[in-house]
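User: Could you walk me through how to read the main features of this protein model? I would like the general idea first, then the case at hand.

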Amino acid sequence: MTSIKDVANLAGVAVGTVSRVINNSGAVKPKTRRKVEEAIQELNYFPNEVARNFKMQKSKMVALLLPSIWNPFFSELAYYIEDELDREGYKLMLCNSGGKPEKELYYLDMLRQNKVAGIVGITYNDIENNVSNDIPIVSIDRHFNKKITCVTSDNFEGGRLALRELVKAGARKPAFMGSVTAVFSETMNRREGFIHEAQALGIEYVIYEKPDPIVDDEAYFNEFLNKYHDVDGVFAITDMLAANYIERARRQGIRVPEDVKVIGYDGIQDNPYFHPILSTIRQPVEEMARMTIRLLYNKIDDIPLDKQVYRIPVIFKQGETT
């Protein structure tokens, strides 16, 4: 691996001169700067960000802790988070936990030691005792007992909206399909909003849930399909769950939307390449991501925030499944 000493030797300068060029600090003659920059390019040298942060006592690294990069919603969120960080010269460190609490705890310990500037956390595990404000942190969709800022979409209103749209599409016995997290997160408000609106309208409804994460998809969907033959509408807690249900229902000869109307939540499948295009409650992913980073900057700079929870409105996007 190329080191800063290699760059200094090739450029014929001292290591301190290379450091000043990299950090853009201190006076360096234009001719010397060009020699160093040419050496860096020739050797394809990349500075050690962690080491630089430690020496400067000011990190430009922000960590994103998320359950799975495979989930399209988290991928889209990560894209906009990185883009917003890049505007201010910050780098993104991606910590993909796979939803495992032990891996999340490992990452949190590592981040404390490496002096990152801040953390954006997405977790549905019980790690309350290991999360603190020692490092500036903003949570997405999750509340902690400590005063940690949370950014979320209006999940309760999203649940209400989904129920109303299912009824409008002709559903007479809709079902909520979801999973129960180990700790209460904002996502559970999707179910609460669904129930609230069904009761307000006097609609018969079904709640179908299993512990999160769902470890046996086959058993999960088979139980639902075998048990609830008369359900004619489904509101799934995520788009991925909705898409999975549609595929498994199709195998059993259940037509969507003719036999069952389906609505998801997230808005990841509004691309015309998806068929059928899913009717969904669309989260404002880009706005959530950019707001999260702007709030994190305030926390990094010790600027007080006016509230602890920032809740952003959602919209219904009509697709081909209602």
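Analyst: Happy to; we will go through the sheets, a helix pair, the backbone details and the pocket. Keep in mind that this is a predicted model.

User: How many bridges join β5 to β11?

Analyst: There are 4 bridges between β5 (residues 149-153) and β11, and the two strands run parallel.

User: Which strands make up the open sheet with mixed pairing?

Analyst: That sheet also is described by its order: β7-β6-β8-β9-β10-β12, which is 6 strands with mixed pairing. At its edges stand β7 (206-211) and β12 (315-317), each with a single partner strand, so one side of each is left without a neighbour in the sheet. The twist here averages 20° from one strand to the next. An antiparallel pair is formed by β10 (residues 279-282) and β12, over 3 bridges. Within it, Ile281 has Phe316 of β12 as its bridge partner. Helix α8 (residues 189-201) lies across β6 (174-180), β7, β8 (233-236) and β9 (261-266), at about 155° to β6.

User: Now helix packing. At what angle do α1 and α2 cross?

Analyst: The general idea is that two packed helices are described by the angle between their axes and the distance between the axes. In this model, the axes of α1 (residues 4-11) and α2 (residues 15-23) come within 8 Å and cross at roughly 105°. Angles of 65 to 115 degrees count as roughly perpendicular, and α1 and α2 are therefore roughly perpendicular to each other. On the α1 side the contact is made by Ile4, Lys5, Val7 and Ala8, and on the α2 side by Val15, Val18, Ser19 and Ile22. By class, that contact has 6 nonpolar, 1 polar and 1 charged residues.

User: Where should I look for backbone details, such as cis peptide bonds?

Analyst: Asp212 and Pro213 are joined by a cis peptide bond with omega of about 0°, and Pro213 sits in the loop between β7 and α9. Another cis bond joins Val256 and Pro257, with omega of about 10°; Pro257 is in the loop between α10 and β9. For phi, look at Asn44, which has a positive value of about 55° although it is not a glycine. Asn44 lies in the loop between α3 (30-43) and α4 (49-56).

User: Last, the pocket. What is the volume of the largest pocket?

Analyst: Rolling a probe the size of a water molecule over the atoms shows where empty space is left. The largest pocket has a volume of about 840 Å³. It is lined by 29 residues, and the closest to its centre are Asn71, Phe74, Ser179, Asp212 and Thr238. Two or more lining residues come from each of α5 (72-87), α9 (217-227) and α10 (239-251). The largest share, 3 residues, belongs to α10. By class, the lining has 12 nonpolar, 11 polar and 6 charged residues.

Definitions and conventions:
Residues are numbered from 1 along each chain as its sequence is written. This is a predicted model: local features need pLDDT of at least 70, side-chain atom pairs count only at pLDDT 80 or more; totals for chains, interfaces and linings use all residues. Side-chain values use heavy atoms; hydrogens and water are left out. On a 1 Å grid over the protein atoms alone, a cavity is a set of points where a 1.4 Å probe fits but cannot get out, and a pocket is an open set with protein on both sides within 12 Å along at least five of seven lines; lining residues have an atom within 4 Å of a point. Grid points are joined across faces, edges and corners, and a volume is the space filled by probe spheres set on the points. Ala, Val, Leu, Ile, Met, Phe, Trp, Tyr, Cys and Pro count as nonpolar, Asp, Glu, Lys and Arg as charged, and the others, Gly among them, as polar. Two strands pair if DSSP finds at least two bridges between them. Axes are lines fitted to C-alpha atoms, for helices over the stretch in contact, and angles run from 0 to 180 degrees between N-to-C directions. Angles under 35 degrees count as roughly parallel, over 145 as roughly antiparallel, 65 to 115 as roughly perpendicular and the rest as oblique. Contact means heavy atoms within 4.5 Å.
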